[in-house]
Amino acid sequence: MRTSLLSFIGLLMLATTVHADDDHEEHFKSKHGHHQYNTAAPVNATRKTECGSCHMAYPPGMLPGKSWNALMDNLPRHFGSNASLDKKSEQEIRQFLVYASADRDTRPLRPAEAAKTNIRITRTGWFLHKHDEVSPAVFRRKSIGSAANCMACHSGADKGNYDEHAVRIPR
């Protein structure tokens, strides 16, 4: 009886430890021992030039392939702007985004997330979970502009580094 009770307590402690960090699949330890998320992906020069001319070229691993396809299908009305590309560039960027998308990333998509076709990274479960302690008013600050401006708080975002311990929220 005593052995069973001790085994039960041990399993309970192990289960508590396993669930303490619900982000474990998204992190690795930085050289300083901090947990961070890195979405670095192979670089595509056309994507960096074309997408990066208006905004940060978001890491492909932040959306599933079908979301990137939906976004690329609507370039003439890309969040209120005409981001149309020539056919060759559009095809190259689309292929790259789908190839390096969250479907193929090391971070597994939750089933509900994979079922959606969401073209806004700021509305993904991952983004909302990681920013749940940030007030919407913070994103509206003039120094930030919107939740889509990753570089305002994550200085390494353009390189796919979102180390939560390096976040600096501007006033």
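Predicted model: local features only at pLDDT ≥ 70, side-chain atom pairs only at ≥ 80, totals over all residues.
I looked up the largest pocket and found a volume of about 710 Å³. The lining has 30 residues, and those closest to the centre are His55, Tyr58, Leu71, His78 and Phe79. I then sorted the lining by class: 19 residues are nonpolar, eight are polar and three are charged. Helix 2 (45–52) and helix 3 (65–73) each give the lining at least two residues.

**Entry: salt bridges around Arg94**
My search of the whole structure returned four salt bridges. I went to Arg94, whose side chain meets that of Asp73 at 2.8 Å, N to O. This pair links distant parts of the chain, with Arg94 in helix 4 (residues 87–99) and Asp73 in helix 3, 21 residues apart. Arg94 also forms a salt bridge with Glu90, where the closest N and O atoms are 2.6 Å apart. Those two are about one helical turn from each other, because they sit four residues apart in helix 4.

Asp73 has a relative accessible area of 54%, so it is exposed. Glu90 is at 14%, under the 20% cut-off, so it counts as buried.

**Entry: two lysines**
Lys159 forms a salt bridge with Asp158, with 3.6 Å between the closest N and O atoms. Lys159 is exposed at 62% relative accessibility, while Asp158 is partly exposed at 43%.

Lys130 lies in helix 6 (residues 125–130) and is buried, with a relative accessible area of 18%. I found its side chain in a polar contact with the side chain of Glu164, at 3.1 Å.

Notes:
Residues numbered from 1 in each chain as written. Heavy atoms only, no water. 1 Å grid on protein atoms, 1.4 Å probe; cavity = no way out; pocket = protein on both sides within 12 Å on 5 of 7 lines; lining within 4 Å. Points joined across faces, edges and corners; volume = space filled by probe spheres on them. Nonpolar A, V, L, I, M, F, W, Y, C, P; charged D, E, K, R; others polar. Buried < 20%, exposed > 50% of the residue type's maximum accessible area, 1.4 Å probe, protein only. Polar contact = N/O pair within 3.5 Å; in protein donor to acceptor, adjacent residues only side chain to side chain.
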